[in-house]
Protein chains: 2
Amino acid sequence: MAQKGDLMTVRSDIRVVDATLRDGGLVNNFEFTDEFVNALYRANVKAGVDYMEFGYKASKELFDVNKFGKWKFCNEEDIRAVVGDNNSDMKIAVMADVGRTDYETDIVDRSDSVIDLIRVATYIHQMPTAIRMVEDAKKKGYEVSCNIMAVSKAKESDLAQALEMLGNSPVDVIYLVDSYGSLVPEQVRRLSEQYLEVGEKYGKQIGIHAHNNQQLAFANTIEALSNGVSYLDATMNGMGRGCGNCSMELLLSFLKNPQYNVYPIFRFLQNQILPLRESGVVWGYDIPYLLTGKLNQHPRAAIEAVKQGRTDYAEFYTELLENE
Amino acid sequence: MAQKGDLMTVRSDIRVVDATLRDGGLVNNFEFTDEFVNALYRANVKAGVDYMEFGYKASKELFDVNKFGKWKFCNEEDIRAVVGDNNSDMKIAVMADVGRTDYETDIVDRSDSVIDLIRVATYIHQMPTAIRMVEDAKKKGYEVSCNIMAVSKAKESDLAQALEMLGNSPVDVIYLVDSYGSLVPEQVRRLSEQYLEVGEKYGKQIGIHAHNNQQLAFANTIEALSNGVSYLDATMNGMGRGCGNCSMELLLSFLKNPQYNVYPIFRFLQNQILPLRESGVVWGYDIPYLLTGKLNQHPRAAIEAVKQGRTDYAEFYTELLENE
């Protein structure tokens with residue numbers, strides 16, 4: 001597949017998606033201050049970011065609202081308290097997890113909502129439910145993406161079938177998601193080509209969501225971009241589960257479209273992200289995450305190791321190998 | 001140029017070069033403890049690293065030996081105090097800077113030295129002196145590389161001429177060096193191809209030395225690798241000037257050759273690198289370095305900003321733009 005675009009020109013199909021509250025919320029239990037969220041919204045609008053994801057639409061049957069910050073649930077009134085009617089060029093997104101969202105009741109008609117994009121997150125064995133959720137959201141009037149998580153664990157034949165199912169669904173965007181931070185650019189290139197072939201066949205856009213276990217989140221994102229992927233997830237200073245994501249400041253420094261302006265991002269980093277880090281919220285590259293990424297494992301053991309302050313990397317590596 | 005090798009097999013031309021003491025020495029004024037250096041040597045030998053660079057052969061006329069740690073000068077007896085006669089499969093390297101090395105006197109015949117590889121570091125406008133140093137080291141019996149620094153600043157026509165000069169010299173390895181951490185993988189691919197064409201024409205190996213300003217040091221290293229570059233620089237936990245280099249733990253986790261074993265590296269990180277960081281030695285990705293990298297500038301302003309603890313990123317960015 002030929003390279004799309006080059007380092008000097010711009011591509012009109014690119015969409016930058018800020019996922020700070022959603023993936024970053026996994027680090028601090030979604031307990032962001034209102035000041036942080038308001039500043040994030042304003043920074044994203046000023047920076048020309050295309051979508052801001054506010055969090056999850058998690059089921060209140062399954063999750064106790066008193067045990068999480070409000071962005072795990074993304075009530076309509078909570079989003080409106082920040083964005084009003086969102087009189088900006090930036091669109092609003094939320095994530096709906098297969099099996100953890102009461103989508104039939106909690107996702108209302110788009111005409112009654114300030115939300116624009118529903119991001120359905122699924123593991124590959126949950127595809128039939130994901131397709132039903134895509135259809136439901138589409139019928140209600142939303143833009144819809146489907147994010148197939150942990151693709152580094154999927155068999156090629158299962159992935160091919162899942163992509164065909166999505167091609168035949170009303171979904172707008174199909175996401176390549178490296179949940180474990182296990183992929184290297186060469187693999188991202190091959191996977192991107194597979195997703196893009198389906199996208200071209202069925203008229204779908206392709207997106208990427210990367211993790212930084214091997215310091216490759218930004219590299220994998222621009223590798224996918226150069227192959228033709230359009231929707232690019234990033235978070236402020238890479239805030240996200242474990243080692244975090246593709247950093248917004250890196251991505252906007254790279255993109256050449258004059259729509260994007262990285263300056264408000266730097267202001268946000270100095271005014272909001274630094275104090276958040278100083279308050280003890282921890283994310284970013286660390287050896288335990290490298291190890292789960294390298295071994296293509298869920299980061300939960302690494303998250304626990306970092307939480308415990310473990311620095312016996314060699315022993316931790318041995319434990320991971322024993323649990324393979 | 002076709003991809004060389006793949007993610008499952010090994011390439012016999014690969015050489016891993018540990019540059020921790022040399023590039024890391026720029027962070028702590030080369031003041032490593034003997035314990036650190038001994039442990040590093042043992043870890044590298046156990047890990048199957050091919051070359052260990054001990055530091056610079058800096059001129060004692062130009063630099064006061066009392067103002068730097070000993071690895072800025074790499075006296076023969078100081079290296080031998082660590083490696084003895086180096087009865088290992090790993091080779092010993094030192095760097096010789098054009099204009100800052102008394103190479104005629106300070107580099108002795110290889111038969112009298114435990115050093116195997118002289119790495120001549122040059123800016124592109126110093127090529128005639130670099131060639132003379134290459135010839136001198138080669139005549140004395142060494143393996144010799146030439147590292148053209150700050151290639152992101154070089155004009156294409158100058159670079160083409162410099163590569164031809166090196167092709168016609170007795171140098172063994174020509175290095176692509178991204179001193180400012182400014183290159184993205186797409187540029188590394190194009191530059192690698194240019195270096196490799198000269199390498200194939202004249203029978204030279206090609207190497208890469210990357211910096212992590214944009215979190216791309218590892219990505220750029222494996223991009224070059226997949227194009228056919230053989231000599232790969234890395235440092236422990238990325239220790240190096242400013243934001244540092246390609247991390248040894250990432251590179252050895254990626255390479256598939258059973259010669260390499262990342263386990264001793266993790267032991268070294270926990271026993272030596274963590275205490276070094278805790279003692280106040282600072283390196284790694286930070287916004288000021290991203291900014292100089294993005295602007296293709298020398299990192300000195302960023303190093304100064306980080307030293308001063310500046311976190312007014314937006315203002316710092318403005319200052320850099322004014323000094324362009």
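How many residues apart in helix H7 (residues 185–202) of chain A are Arg190(A) and Glu186(A)? They are four residues apart, which means a separation of about one helical turn.

The model is predicted: local features need pLDDT of at least 70, side-chain atom pairs count only at pLDDT 80 or more, and totals for chains, interfaces and linings use all residues. Residues are numbered from 1 along each chain as its sequence is written, chains are lettered from A and ligands numbered from 1 in the order in which they are written, and side-chain values use heavy atoms, with hydrogens and water left out.

View 1. A salt bridge is a side-chain nitrogen of Lys or Arg within 4 Å of a carboxyl oxygen of Asp or Glu. Arg190(A) is partly exposed, at 46% relative accessibility. Glu186(A) is buried, at 11%. Buried means under 20% relative accessible area, exposed over 50%, and partly exposed in between (1.4 Å probe, protein chains only).

**View 2. Arg119(A) forms a salt bridge with Asp233(A).** The closest N and O atoms are 2.9 Å apart. The pair links distant parts of the chain, 114 residues apart. Arg119(A) sits in strand S4 (residues 117–122) of chain A, and Asp233(A) in strand S8 (residues 231–234). Arg119(A) has a relative accessible area of 0%, so it counts as buried. Asp233(A) is buried as well, at 2%.

**View 3. Lys140(B) meets Asp136(B) in a salt bridge.** Their closest N and O atoms lie 2.9 Å apart. Both residues are buried. In chain A, salt bridges that share partners join Arg22(A), Asp23(A), Glu53(A), Arg119(A) and Asp233(A) into one network. Over all chains, the count comes to 38 salt bridges.

**View 4. Gln214(A) lies in the loop between strand S7 (205–209) and helix H8 (217–227) of chain A.** Gln214(A) is buried, at 6% relative accessibility. A polar atom of its side chain lies 3.1 Å from the backbone oxygen of Gly181(A). Gln214(A) touches residues of chain A, including Ser182(A), Leu183(A), Val184(A) and Leu290(A). From chain B, Gln214(A) touches Phe218(B) and Leu250(B). Touching here means heavy atoms within 4.5 Å, and residues up to four places away in sequence are not counted.

Notes
Helices (H or I, at least four residues) and strands (E, at least two) are DSSP runs, numbered from the N terminus. A polar contact is a pair of N or O atoms within 3.5 Å; within protein, one must be able to donate a hydrogen and the other to accept it, and residues adjacent in sequence count only if both atoms are side-chain atoms.
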